[in-house]
Amino acid sequence: MGFVNAIIILVIPNANIPFQNSFFSFKIHTFAKKLTIAMSQDLYQAPDYFLLDELLTEEHKLIRDAAREWVKREVSPIIEEACQKAEFPKQIVKGLGEIGGFGPYIPVEYGGAGLDQISYGLIMQELERGDSGVRSTSSVQSSLVMYPIWKYGSEEQKMKFLPKLATGEFIGCFGLTEPDHGSNPGGMVTNIKDMGDHYLLNGAKMWISNAPFADVAVVWAKNEEGRIKGVLVERGMEGFTTPETHGKWSLRASATGELVFDNVKIPKDNILPNKDGLGAPLGCLDSARYGIAWGTIGTAMDCYDTALRYAKERIQFGKPIASYQLQQKKLAEMITEITKAQFLTWRLGVLRNEGRATSAQISMCKRNNVDMALKIAREARQVLGAMGITGEYSIMRHMMNLESVITYEGTHDIHLLITGMDITGENAFK
Ligand code: TGC
Ligand code: FAD
């Protein structure tokens with residue numbers, strides 16, 4: 001059944017196909033044509049209700065607009081099919097490197113783009129507007145692989161890995177979560193044993209983004225004293241395997257897998273020398289969580305923009321559904337929440353540029369924005385009625401993706417407990 005016939009069924013239930021009445025046939029054809037145009041083109045227009053653009057520099061806007069155009073050109077046309085097939089679209093990797101999607105704030109001498117934190121955030125916003133899985137690929141590479149190598153690595157490690165990660169020639173992944181240690185990574189059992197001229201790595205990580213094809217994994221493991229160390233595990237090392245995790249209903253355009261270590265021989269040069277303890281991986285998470293805070297604004301803006309356009313065009317009871325108060329309430333609340341999140345996050349970016357943002361502030365912002373985006377996706381989907389459940393529009397895909405985003409990089413609960421501890425001084429985790 002073609003797309004037009006599908007629309008006939010949606011518009012006129014019980015219609016026999018092919019539809020014969022020439023008047024209705026004309027109306028249906030026009031409606032279907034309008035929808036086809038809306039779907040085949042990316043008509044996205046970013047909302048800026050409180051003129052936040054005026055707080056951005058010309059450079060910020062140039063970087064943001066370049067990422068926005070790239071997403072329209074390279075991501076929008078292919079992302080739905082990639083998600084339906086549950087395939088990571090490898091063809092976007094090179095372009096991601098070119099727009100600064102890998103290591104936006106890593107210094108230029110290591111291949112990064114040397115940008116500030118607001119530019120980094122704006123790139124994440126645009127990528128996640130396309131798809132959370134695309135932003136995830138960029139987040140993992142930038143904040144969970146390049147960041148620890150840059151901050152905790154030796155000069156040799158930086159020169160060996162960072163330039164290739166910046167272009168996408170190498171893909172990296174970050175192994176913290178284990179089968180029995182998710183929210184409580186400090187309990188990890190993956191370990192390294194000193195064998196004199198090398199270490200032996202044993203254990204397993206799971207739910208690892210990019211694992212199935214990563215060239216290098218930043219893995220967190222305990223040494224014999226129980227101290228957490230960062231280990232660079234390279235594809236091809238004997239005893240190292242990366243089985244893919246299948247059957248996800250969420251983040252389908254991002255590959256997820258396990259990291260399994262069976263007596264993997266690790267050269268001593270592959271240990272990150274400059275920081276250890278749980279604070280080392282958690283420090284990387286600050287940077288990635290900040291990126292998610294911006295990214296989820298992008299998904300919320302896309303859902304709102306789609307719902308607004310649809311509501312203005314969709315006629316029921318003789319009028320656009322945008323003219324009914326119930327739909328206006330949904331749309332008005334969406335733009336209010338988006339606007340609040342935009343300002344909270346912009347302010348966080350300013351504080352990060354000044355080196356004054358705290359981990360607890362990042363937690364609050366990540367938690368608020370993912371929750372905001374998920375609620376908006378659910379409301380926006382309803383505005384589209386039955387069309388909202390199809391892959392013809394991005395909303396359902398965003399909604400499903402956000403179910404991962406609200407769990408990874410610290411769950412909704414964990415971030416609330418971080419805020420709770422920060423304001424009361426009482427630890428309610430344990
Ligand atoms: P706690 O005793 O509180 O802290 C241990 C040490 O870490 C320090 N620290 C931090 N350092 C830097 N940044 C932060 N955000 C930090 N938070 C804590 C702390 O000062 C302490 O340092 P020291 O020197 O005294 O040892 O640790 P805890 O065991 O009580 O746990 C605290 C808790 C629950 C907040 C933490 O474990 C946590 O955040 N759990 C959530 C786990 C998580 O977020 N996992 C994410 C895995 S990676 C991922 O999901 C990638 S998704 C990728 C994608 O596709 O985008
Ligand atoms: P659990 O920790 O078992 O939590 C289960 C429930 O219990 C949650 O609701 C949680 O909020 C609640 N809970 C836990 N502790 C407490 C407490 N003290 N008080 C109250 N409630 C509590 N990890 C990586 O290391 N690298 C990656 O690249 C990566 N990518 C991922 C990609 C995807 C698609 C997904 C879904 C996950 C990914 N993760 C990754 C793992 C992710 O970080 C973990 O799933 C997350 O930290 C939660 O751990 P868990 O799933 O084991 O849940």
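Me: What volume does the largest pocket have?
Reply: About 1,200 Å³. Keep in mind that this is a predicted model.

Me: How many residues line the largest pocket?
Reply: The lining has 45 residues. Gly-182, Leu-285, Arg-289, Glu-409 and Gly-410 lie nearest the pocket's centre.

Me: And which elements give two or more residues to that lining?
Reply: They are α6, β3 (198-209), α8, α10 (359-383), α11 (395-405) and α12 (412-424). The most comes from α8, with 6 residues.

Me: How do the lining residues divide into nonpolar, polar and charged?
Reply: There are 18 nonpolar, 19 polar and 8 charged residues in the lining.

Me: OK, ligand 1 now. Which space does ligand 1 take?
Reply: Ligand 1 takes the space of the largest pocket.

Me: Which residues come nearest to ligand 1?
Reply: Ser-136, Ser-209, Asp-286, Arg-289 and Glu-409, out of 25 residues around the ligand. That shell divides into 11 nonpolar, 9 polar and 5 charged residues.

Me: Which helix gives the most to the shell?
Reply: That is α8, with 6 residues. Both α6 (132-152) and α8 (279-313) supply at least two residues of the shell.

Me: What lies 2.8 Å from a nitrogen atom of ligand 1?
Reply: A polar side-chain atom of Asp-286. Ser-183 uses its backbone instead: an N or O atom there is 2.9 Å from a nitrogen atom of ligand 1. For Glu-409, a polar backbone atom lies 2.8 Å from an oxygen atom of the ligand.

Me: How much of ligand 1's accessible area does the protein cover?
Reply: The protein covers 71% of it. On its own, ligand 1 has 1,100 Å² of accessible area.

Technical notes: Residues are numbered from 1 along each chain as its sequence is written. Chains are lettered from A and ligands numbered from 1 in the order in which they are written. This is a predicted model: local features need pLDDT of at least 70, side-chain atom pairs count only at pLDDT 80 or more; totals for chains, interfaces and linings use all residues. Side-chain values use heavy atoms; hydrogens and water are left out. A residue is near a molecule or strand if one of its heavy atoms lies within 4 Å of it. A polar contact is a pair of N or O atoms within 3.5 Å; within protein, one must be able to donate a hydrogen and the other to accept it, and residues adjacent in sequence count only if both atoms are side-chain atoms. Accessible areas come from the Shrake-Rupley method with a 1.4 Å probe; for residues, only the protein chains shown count as cover. On a 1 Å grid over the protein atoms alone, a cavity is a set of points where a 1.4 Å probe fits but cannot get out, and a pocket is an open set with protein on both sides within 12 Å along at least five of seven lines; lining residues have an atom within 4 Å of a point. A molecule sits in a cavity or pocket if more than half of its atoms lie within 2 Å of its grid points. Helices (H or I, at least four residues) and strands (E, at least two) are DSSP runs, numbered from the N terminus. Ala, Val, Leu, Ile, Met, Phe, Trp, Tyr, Cys and Pro count as nonpolar, Asp, Glu, Lys and Arg as charged, and the others, Gly among them, as polar. Grid points are joined across faces, edges and corners, and a volume is the space filled by probe spheres set on the points.
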